[in-house]
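Me: I would like to learn how to read salt bridges and helix packing in a model. Please start with the salt bridges.

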Amino acid sequence: MTLSTVSEWTSFCGLLSVHDHASALLGCQMRFAVYTPPQALNGPVPVLWYLSGLTCTWANVMEKSGLQRAAAEHGIMIIAPDTSPRGDHVPDDEAYDLGQGAGFYLTATETPWDTHYRMDQYITRELPRLVEANFKADMTRQGIFGHSMGGHGALTLHFKHPDTYRSCSAFSPITSPARVPWGEKAFTAYIGPPSIAWEQYDATELVQNRQTGAHLLIDTGRADTFLDTQLQPDIFIEACRTAGQKLTYRLHDGYGHDYYFIATFMDDHIAHHAKVLKA
């Protein structure tokens, strides 16, 4: 796979770079960003995947979260993929929560989405091969985290691939998508009416039978306008308690669903992953 560099910036003695490539899996051109810490000059470094939320691209986390300082301190490479396939020929919807920008990190089985929407396979199969071939990434030490829809993706991919993603955390994740409007709409469109297939993309369902040895860290703001309607953390917290999944779920007064919130606790999350990936 040919990789082209779109832009590069030096940050905290490391390098933030943005790249394009033709995705055979998704059938379109894809863009992603990589922060390579200065420690990579001495050899491969641990890899941390960040999955963004609805409407986002690589730019949101790389430009707004301030992650470069902590990533440079801990020597962690951070990769920010896009949130969906994109292009004029890729199916889309006029709503913000379906179609381009809203891939939900799953493999679609319903038309017209099934031709391109395979974001879980892209994150776990195609993009890692590209990263390993082009960057000083230690693929034996990987973690995953994300925000909102991306938090949903991070949790579900961790539960399905615990040996790949040894650490996991999330900001304001959609932990029970099969029970909330965002997930119900996306799942119906992408994978059809309610069925056992929905459970494969629902963290609350997955944790009941796929507990991992990881200690999950989740932060959510109490002032998040989506807290009661789309996030409903109590359902997931109880599922983890029942299943014996180690979880620290922190609710913070005054914080919302935005990158001011994410930037506040980003250092905590990178340190959480570094503790595992550098052990």
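Reply: A salt bridge is a side-chain nitrogen of Lys or Arg within 4 Å of a carboxyl oxygen of Asp or Glu. The structure holds 12 salt bridges. This is a predicted model, where local features need pLDDT of at least 70, side-chain atom pairs count only at pLDDT 80 or more, and totals for chains, interfaces and linings use all residues. Residues are numbered from 1 along each chain as its sequence is written, and side-chain values use heavy atoms, with hydrogens and water left out.

Me: Which salt bridge do arginine 250 and aspartate 219 make, and what parts of the chain does the pair link?

Reply: Their side chains meet at 2.6 Å, N to O. Arginine 250 lies in strand β9 (residues 247–252) and aspartate 219 in strand β8 (residues 216–221), 31 residues apart. Strands (E, at least two residues) and helices (H or I, at least four) are DSSP runs, numbered from the N terminus.

Me: Is aspartate 219 buried or exposed?

Reply: Buried means under 20% relative accessible area, exposed over 50%, and partly exposed in between (1.4 Å probe, protein chains only). Aspartate 219 has 0% relative accessibility, so it counts as buried. Arginine 250, at 26%, is partly exposed.

Me: Where do arginine 69 and glutamate 73 lie?

Reply: Both are in helix α2, 4 residues apart, about one turn of the helix. Glutamate 73 is exposed at 52%, while arginine 69 is partly exposed at 34%. Arg69, Glu73 and Asp267 are linked in a network of salt bridges.

Me: How many residues of α2 are buried?

Reply: 6 of the 8 are, so α2 is largely enclosed by the rest of the structure.
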